[in-house]
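Okay, thanks for making time, everyone. I'd like to walk you through one model today, so let me put it on the screen.

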Amino acid sequence: MNRQMMNRIGRLLVPFAVAAMLVGCGVKESFKDAEVEVGKFHRALDAGDLRAIWRQADPALRQGAQRAELEKVLDAVHRKLGRVEQARQVGWNANATTDGSFVTLTYQTAFERGSGLEQFVYRKGDGGRIALTGYSIESQDMMLK
């Protein structure tokens, strides 16, 4: 390949490399924001402030679930497993769609009376605000209590 062709290819690839770096930085920031939100979620859960979790949730979650149903699930987690003692992130995923950017964080969480694998899905919407759009927990301890 001659030098002129190499320069042309380089000029075509530079915008893609810059875009990839910018997207990567945005994803990294979204992960950090989501980690902060998981901490807030756990503090509200420990305090029994389930309405705070509902108020902070993304409108998509509030449209898809009834507040009473979500509060029943969260109350069962808190009642059966107790306070969060330690939460360790064990997985993550990022996804961009026409509905926004989504970050999924998976935590292995130790509670007072058992453990569970929690999954949090956050959406980064307009204005850069990140909000909970999904929560699930897999816990044999919770099922048996």
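I'll go through a helix, its charged contacts, and then a pair of strands.

Bear in mind that this is a predicted model.

Let's start with helix α4, residues 67-81. Its 15 residues should span 21 Å at 1.5 Å a residue, and the end C-alpha atoms do sit 21 Å apart, so the two agree. Several of its residues are buried, among them Leu-70, Leu-74 and Val-77. Glu-71 is on the buried list too, with a relative accessible area of 17%; it counts as buried because that is under the 20% cut-off.

So what does Glu-71 pair with? One partner is Arg-67, with N to O at 3.4 Å. Put together, Arg-51, Arg-67 and Glu-71 form a network of salt bridges. Both arginines are partly exposed: Arg-51 at 45% and Arg-67 at 34%.

Over in helix α1, Lys-40 and Glu-37 sit 3 residues apart, and they form a salt bridge as well, at 3.2 Å. In total, the model has 7 salt bridges.

Now the stretch after α4. Gly-82 comes just after the helix, with a positive phi of about 85 degrees. Then strands β1 and β2 run antiparallel, joined by 12 bridges. A hairpin of 2 residues connects them, and Gly-91 stands opposite Thr-106 in β2.

Definitions and conventions
Residues numbered from 1 in each chain as written. Predicted model: local features only at pLDDT ≥ 70, side-chain atom pairs only at ≥ 80, totals over all residues. Heavy atoms only, no water. Helix = DSSP H or I, 4+ residues; strand = E, 2+ residues; numbered from the N terminus. Expected span 1.5 Å × (residues − 1). Buried < 20%, exposed > 50% of the residue type's maximum accessible area, 1.4 Å probe, protein only. Pairing = 2+ DSSP bridges. Salt bridge = Lys/Arg side-chain N within 4 Å of Asp/Glu carboxyl O.
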